[in-house]
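User: I would like to learn how to read the features of a structure such as this one. Please take them one at a time.

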Amino acid sequence: MRKSCLPESAHYEAILLVGGQGTRLRPLTLFTPKPLLPTAGVPFLAHQLAKARSFGVRRIVFATSYRASMFADAFGDGSSLGLDIVYMTEETPLGTGGAIRNAAEALTCGPDAPVLVLNGDILSGHDIADQIRVHVERGASATLHLTEVDDPSRFGCVPTSPDGRVTAFLEKTPNPVTNRINAGCYVFQRSVIDSIPAGQVVSVERETFPGLIEAGELVLGYSDASYWLDVGTPAAFVRGSADLVLGKLESHALPGPVGEFLLLDGATVSPEAKVGGGTVVGAGVSVEAGASVQGSVLGDGAVVEPGATVVDSIVGTGARIATGAVLRDVVVGDGAVIGPGNELAAGARVWPGVTLRECSVRFSSDV
Ligand code: GDD
Ligand code: MG
């Protein structure tokens, strides 16, 4: 057993997995990686970075691949956030385990230190310092944050024994044995990361965790019921942004007060418009008289014309939603135009720059 408690001022290193292509969020991720999509007014990762820092993380290695250079453009050396950020790029993606192993080359800590590893698309209210404390006190090889969801088949299903030991790791199994899933935040002993084979494609979920369990290593679950969301789908992404604006999950990176909507620089909302449900009204956006926008993200420079309705949707930069158009659960790419009277719903996606002419699409749930 290692030392039983951590010094109050303990500082840690972390690895952030941000190399995925974000395919489920296309067309938003055609030109921008998922972790950089504007979320509650700032790049998504700003929320995760602020949280990690508040729990004692000071140095973060970004494991990048897809559109790698955009991360350094966004966060530089991290000094403006009180962090030391370094970048490790995979020329071809190495999978989650291979990425962790590759990023570990840039860690400075010794083999016995705990290292935090974060999926780059998670909003979570759990106490990271307590997760690390439990990991250290129990002398675990790895400690996984676990949460419960309604549909565990879309995640890593993680059964545990009564003392918290993880007994199996079943990634995206059609027959989940529990609703408890891998929440995408791990504490690893540095030495365990170093034992992952270098320079190879490795899945931490399908190979590393099952291998550690098989070898009898202590893999612990840290279960908790606080706010948790993977923002990997459009519906979840817009939900996460709205929850941050509404204050359902606190974030020090929110660039304004918590409330029904967040107004960014130069945005205008007509007094005769209804805007709420945690909507982000991007810089220079115009929401005109009689328009209604609920629980949505309006990208910079977008226009919502008189009488248009936008619900639970993402409207890209510079896009235009014309008079009387109705959008529910829709993604509109940058610069697209939804002509007057169109009705779109149920996960429709409009590609960047596309124009839908007047009344060309009508979705009705009654048909
Ligand atoms: N650097 C790098 N290289 N990063 C990668 C790679 C890679 O080859 N592949 C994926 N990632 C990153 C993604 O950018 C993301 O931040 C994270 O790893 C997880 O990938 P997702 O594509 O979002 O996986 P998922 O949501 O289907 O499943 C994962 O997360 C669930 C929780 O949200 C798994 O870890 C599940 O077990 C887990 O339940
Ligand atoms: Mg994910």
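User: What lies 2.9 Å from a nitrogen atom of ligand 1?

Analyst: A polar contact is a pair of N or O atoms within 3.5 Å; within protein, one must be able to donate a hydrogen and the other to accept it, and residues adjacent in sequence count only if both atoms are side-chain atoms. Here a backbone N or O atom of Ala63 is 2.9 Å from a nitrogen atom of ligand 1. A polar backbone atom of Gly19 lies 3.0 Å from a nitrogen atom of the ligand, and a backbone N or O atom of Leu94 is 3.5 Å from an oxygen atom of ligand 1. The protein buries 90% of the 740 Å² that ligand 1 exposes when taken alone, with accessible areas from the Shrake-Rupley method and a 1.4 Å probe; for residues, only the protein chains shown count as cover.

The model is predicted: local features need pLDDT of at least 70, side-chain atom pairs count only at pLDDT 80 or more, and totals for chains, interfaces and linings use all residues. Residues are numbered from 1 along each chain as its sequence is written, chains are lettered from A and ligands numbered from 1 in the order in which they are written, and side-chain values use heavy atoms, with hydrogens and water left out.

User: How many residues surround ligand 1, and how do they divide?

Analyst: A residue is near a molecule if one of its heavy atoms lies within 4 Å of it. Ligand 1 is surrounded by 27 residues, the closest being Leu17, Glu171, Asn182, Glu205 and Asp230. The shell divides into 11 nonpolar, 8 polar and 8 charged residues; Ala, Val, Leu, Ile, Met, Phe, Trp, Tyr, Cys and Pro count as nonpolar, Asp, Glu, Lys and Arg as charged, and the others, Gly among them, as polar.

User: Which elements supply at least two residues of that shell?

Analyst: Helices (H or I, at least four residues) and strands (E, at least two) are DSSP runs, numbered from the N terminus. α3 (95–103), β11 (180–189) and β13 (228–230) each supply at least two residues of the shell around ligand 1, and α3 gives the most, with 3 residues.

User: In what order do the strands of the open sheets run?

Analyst: Two strands pair if DSSP finds at least two bridges between them. One open sheet has 6 strands in the order β14-β17-β20-β23-β26-β29, with parallel pairing; its edge strands, β14 (261–263) and β29 (349–350), each pair on one side only. β14 and β17 (residues 279–281) are joined by 3 bridges, and Phe261 stands opposite Thr279 in β17.

Another open sheet, of 5 strands, has the order β16-β19-β22-β25-β28, and its pairing is parallel. β25 (residues 326–328) pairs with β28 over 2 bridges, where Leu327 has Leu344 as its bridge partner.

User: Which peptide bond is cis, and where is phi positive?

Analyst: Most residues other than glycine have a negative phi, and most peptide bonds are trans. The bond from Arg26 to Pro27 is cis, with omega near 10 degrees; Pro27 is in the loop between β1 (12–17) and β2 (38–39). Asp312 has a positive phi, near 50 degrees, and lies in the loop between β22 (309–311) and β23 (314–315).
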